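This briefing gathers contacts, strand pairing and surface features by topic. Please read it alongside the sequence and the coordinates shown below.

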Amino acid sequence: MADHRNPKAIDESTDAYDTVEWLLKNVAGNNGRAGFVGTSYPGFLAMAAGIDPHPAVKAISPQAPMIDAWMGDDFFSQRRLPPELRLRLRPPHGDQQERNHSQLRPGQGRQTRDGFDYFLESGNFAKAAVRSRSKTLPTWKLFLNHPAYDSVWRSRGVEHSLNAVAVPTLSVGGYYDQEDMYGPQVEYSTLEPRDANHQNFLVLGPWRHGYWSSSSRRLGSLDFGEPVGMEFRAQIEANSLPTI
């Protein structure tokens, strides 16, 4: 996150501020209040909207927010999983975000083959980057050039910018989240000592990534006996945040 004492600073937080300001001025019939909710990377964006927020922002709900991509979210998971085992999801995500339309190939990023064979043939991360012609893309370069936790990764750790509970905040995470199990707990625990007005809340449940919004009652072969997200949405999410 940028230093917001600099009036020229630009980041996702200032973008959220400017977006709310534009909407208030250009969308007729609004009530002058805004709320943010998002899951995964949009969970990070919802969280950023609560850092030095626009006065119209009244509540945020970062759900499975990406907080630190090396320490525990999405990419490295503190090196518990080597980058080779993250090839299936993360590099295709970078390809889709960072290639221009002329560089994208039909079906790129999809894996329809057996995952074990896919990883065996991929080789190590550096070889996969060369073969996919992706090594010049920003995300791939970040992985290749900074495999250890260093100042580059720390500068991207959003927990270092969570200095106040500026608006009511509902963080949501899943015990079985394969992508962002780290973010919700770290966001909540970082904000909790700064929660003078008791506006910081955390909900964890038996969910995989984003499944609190699902009506499924199953997690693989495990049957919970009722839809896993219904109670959360009806009794917690709907009632814990102020009316926007």
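A residue counts as buried under 20% relative accessible area and as exposed over 50%, and as partly exposed in between. By that cut-off Lys 25, at 63% relative accessibility, counts as exposed. The model is predicted, and a search of the whole structure finds four salt bridges.

**Salt bridges**

- Lys 25 forms a salt bridge with Glu 21, in which the closest N and O atoms are 3.2 Å apart; because the two residues are four residues apart in helix α1, they are separated by about one helical turn.
- Glu 21, with a relative accessible area of 28%, is partly exposed.
- The side chains of Asp 3 and Arg 5 meet in a salt bridge at 3.0 Å, N to O, where Asp 3 is partly exposed with a relative accessible area of 39% and Arg 5 is exposed at 75%.
- Arg 217 and Asp 223 form a salt bridge whose closest N and O atoms are 3.0 Å apart, and salt bridges that share partners join Arg 217, Arg 218 and Asp 223 into one network.

**Strands and the β-α-β unit**

- Strand β3 (residues 169–174) pairs with strand β4 (residues 200–205) in the parallel sense over six bridges, and the bridge partner of Gly 173 in β4 is Leu 204.
- Together with helix α8 (residues 182–191), β3 and β4 make a right-handed β-α-β unit.

**Buried serines and their polar contacts**

- Ser 171 has its place in strand β3 and counts as buried at 0% relative accessibility; a polar contact of 2.4 Å joins its side chain to that of Glu 187.
- Ser 61, in strand β2 (residues 57–63), is buried with a relative accessible area of 1%, and its side chain makes a polar contact of 3.0 Å with the side chain of Gln 63.

**A loop position and a surface patch**

- Phe 75 is placed in the loop between β2 and α3 (90–98), and because its relative accessibility is 14%, Phe 75 counts as buried.
- The C-alpha atoms of Phe 75 and Glu 179 are separated by 8.2 Å, although these residues are 104 residues apart along the chain.
- Trp 22, Leu 23 and Val 27 make a nonpolar surface patch of about 290 Å²; of these, Leu 23 lies in helix α1 (residues 12–26) and is partly exposed, with a relative accessible area of 39%.

How values were computed. Residues numbered from 1 in each chain as written. Predicted model: local features only at pLDDT ≥ 70, side-chain atom pairs only at ≥ 80, totals over all residues. Heavy atoms only, no water. Buried < 20%, exposed > 50% of the residue type's maximum accessible area, 1.4 Å probe, protein only. Polar contact = N/O pair within 3.5 Å; in protein donor to acceptor, adjacent residues only side chain to side chain. Pairing = 2+ DSSP bridges. Right-handed = clockwise from strand over helix to strand, strands pointing away. Patch = residues over 30% accessible without salt bridge, like charges linked within 9 Å, V, L, I, M, F, W, Y side chains within 5 Å. Areas by Shrake-Rupley, 256 points an atom, 1.4 Å probe, with all protein chains shown as cover.
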